[in-house]
Amino acid sequence: MWTTGKVIERIDWNDKLFSLRIKADVEPFIAGQFIKLSQMRDEKRVARAYSLVNSPGTDYVEVLAVSVEDGQLSPDLKALNPGDTIEVTPKATGFMTLDEVPNGVLQGKHLWFFATGTAVGPFISMLATAEPWQRFEKVVLVYGVRFAEDLAYLATINQFIEQHPQQFVFIPIVTREDYPEGLSCRIPDGISSGLIEQKAGLGINAEHSQVMICGNPGMISDAQIALVDKGLAKNLRRAPGQITVEKYW
């Protein structure tokens, strides 16, 4: 089932990375969930999943995407401008939500978000809600990209810093050029070496930490290994733990 959405705003972060705000009749959703966008091509529907960057309650949906040269849908999305239309699933889905993070005695005091590239989107959505700030003493966003120009939503992230100066820690990671404001290691290496904990001024451990990871499969796999080495366990409904993940592809 699809509904027609209209692009109302487009933001170009660099020549490939962009965001689209789309006015569409989408049902209420939970921060962290995703929708699918699609177009018909050669009488076949091409659809891809995109996490929602906007928080629940907004009257539009917003996605962060990167145009891949040989991609089946992303070049078409990159060509969209305000007034253009795109097919949207009316119902969001996905389990990368704070509802899935254990509460109560298993919750811990610190919430860690680890993201690479466009996978920062669901965490921006969560950070714009009240829940992480009400549930956790500290919230840490670790956001890894290749180049500084790939860091999207910095103005929004700075707003979170201003709103929660004692509670929020932001650690940008840029791996392919100097970026004095952040780190230069891969996220899994930064976890294993303790460099990310040192930068945050917080330890990662099973007693105090809940971790959510979203990004490329290699990062997710290696980060989980590094976290298990620190005594954390994957969070499952039948066996609550500290590591909640969503693979982007």
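# Exercises on a predicted model

A search of the whole structure, which is a predicted model, finds 11 salt bridges.

**Exercise 1.** Which parts of the chain does the salt bridge of Arg-21 and Glu-9 tie together?

*Solution.* The side chains of Arg-21 and Glu-9 meet at 3.4 Å, N to O. Arg-21 belongs to strand β2 (residues 17-23) and Glu-9 to strand β1 (residues 3-12), so the bridge joins parts 12 residues apart in sequence. Arg-21 is partly exposed at 25% relative accessibility, and Glu-9 is partly exposed at 33%. Both residues also belong to a network of salt bridges that includes Glu-62.

**Exercise 2.** Find where Asp-12 and Lys-78 lie, and state whether each is buried or partly exposed.

*Solution.* The side chains of this pair, Asp-12 and Lys-78, form a salt bridge of 3.6 Å, N to O. Asp-12 is in strand β1 and Lys-78 in helix α1 (residues 74-78), so parts 66 residues apart in sequence are tied together. The cut-off for buried is under 20% relative accessible area. Lys-78, at 16%, therefore counts as buried, while Asp-12, at 41%, counts as partly exposed.

**Exercise 3.** Check the span of helix α7 and find which of its residues are buried.

*Solution.* Helix α7 covers residues 217-229, which is 13 residues. The buried residues are Met-219, Ile-220, Ala-223, Gln-224, Ala-226 and Leu-227. Seen down the helix axis, these fall within an arc of 165°, so they line one face of α7. They pack against β7 (110-116), α5 (187-193), β10 (209-215) and β11 (243-247). Just after the helix, Gly-231 takes a positive phi of about 100°.

**Exercise 4.** Where in the chain is Arg-186, the salt-bridge partner of Asp-222?

*Solution.* Arg-186 and Asp-222 meet through their side chains at 3.2 Å, N to O. Arg-186 is in the loop between β9 (168-174) and α5, and Asp-222 is in helix α7, 36 residues apart. Arg-186 is partly exposed at 38%, as is Asp-222 at 30%.

**Exercise 5.** Glu-43 and Tyr-153 are not glycines, and each has a positive phi. Is each buried or exposed?

*Solution.* Glu-43, with phi of about 65°, sits in the loop between β3 (34-41) and β4 (44-51). Its relative accessible area is 78%, so Glu-43 is exposed. Tyr-153, with phi near 65°, lies in the loop between β8 (138-145) and α4 (154-163). Its relative accessibility is 5%, so Tyr-153 is buried.

Methods
Residues numbered from 1 in each chain as written. Predicted model: local features only at pLDDT ≥ 70, side-chain atom pairs only at ≥ 80, totals over all residues. Heavy atoms only, no water. Helix = DSSP H or I, 4+ residues; strand = E, 2+ residues; numbered from the N terminus. Expected span 1.5 Å × (residues − 1). Buried < 20%, exposed > 50% of the residue type's maximum accessible area, 1.4 Å probe, protein only. Arc of directions from axis to C-beta. Contact = heavy atoms within 4.5 Å. Salt bridge = Lys/Arg side-chain N within 4 Å of Asp/Glu carboxyl O.
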